[in-house]
Amino acid sequence: MRIHLLALAAVLVAGSTPLLADSFVPYSTPGSVASATQMFATGNTVSAYFYSSNAGDTDTVSVFDVTTGNYLTPMYQLNNHASVQNGVPVVFSGANVGDMIAFDLTAAAYGPSTIFSSDPNRSTDGINHGYITPFSGLIGKADISGYYIGMEDLPFGTSDLDYNDDNFVISGVSTVPEPESFVLLATGLLGAAGAVRRRFAR
């Protein structure tokens, strides 16, 4: 009986190995606009690791704090032709836990006033330019868990929408707000409800 169990376990492990080899799931529907994913800071810093670039032009990517309306410093440091590729992160500081985070790309061909963002509300053409999916794997010699961001660097109508022009991995973010944010939200809602109740009690 034990031999059969060991054989079954070996088959399961062998069958699952290719799944473990994938660091992330590439964008599966090129030609269509990716669904936007909201990201939230889990601490005061967001670390970005350059992954790859298929863009011929020079692009830069910045981390924008949607909640405060400010770019996290340094601005435009993720350059697709000059980024560090050995697992050393570029660290963006100044976020608050629970702040909504977006990733803004500017392309040299279009100038700094044209923004291609993972937040459609920030994009000049009004669409989502960031494909976001969980990541766990090696970049250089660093073993990183976070989110893979694949960016589109052309405007809607001329883009192939394959979301692999400028690619990096982000840590220090989550797809859901931290518990502290829920507490703050709940406190704010309770305060608002109390104000409404006092107003109607007069």
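At 29% relative accessibility, S32 counts as partly exposed, since the class runs between buried (under 20% relative accessible area) and exposed (over 50%), with a 1.4 Å probe and protein chains only. This is a predicted model, in which local features need pLDDT of at least 70, side-chain atom pairs count only at pLDDT 80 or more, and totals for chains, interfaces and linings use all residues. Residues are numbered from 1 along each chain as its sequence is written, and side-chain values use heavy atoms, leaving out hydrogens and water.

**Exercise 1.** Place S32 in the chain and find what it touches.

*Solution.* Start with the loop between α1 (2-21) and β1 (39-41), where S32 is found. Helices (H or I, at least four residues) and strands (E, at least two) are DSSP runs, numbered from the N terminus. Next, list the contacts (heavy atoms within 4.5 Å): leaving aside residues up to four places away in sequence, S32 touches Y27, L161 and Y163. Finally, compare sequence and space: S32 and D162 are 130 residues apart in sequence, yet their C-alpha atoms are 8.0 Å apart.

**Exercise 2.** Work out which strands pair with β7, and whether β7 is enclosed or open.

*Solution.* Pairing requires at least two DSSP bridges between two strands. Take β1 to begin: β1 and β7 are antiparallel over two bridges, and M39 has I101 as its bridge partner in β7. Then turn to β3 (residues 59-65), which pairs with β7 in the antiparallel sense over seven bridges; here F64 is partnered by A102. Last, check burial: seven of the eight residues of β7 (residues 100-107) are buried, so the strand is largely enclosed by the rest of the structure.
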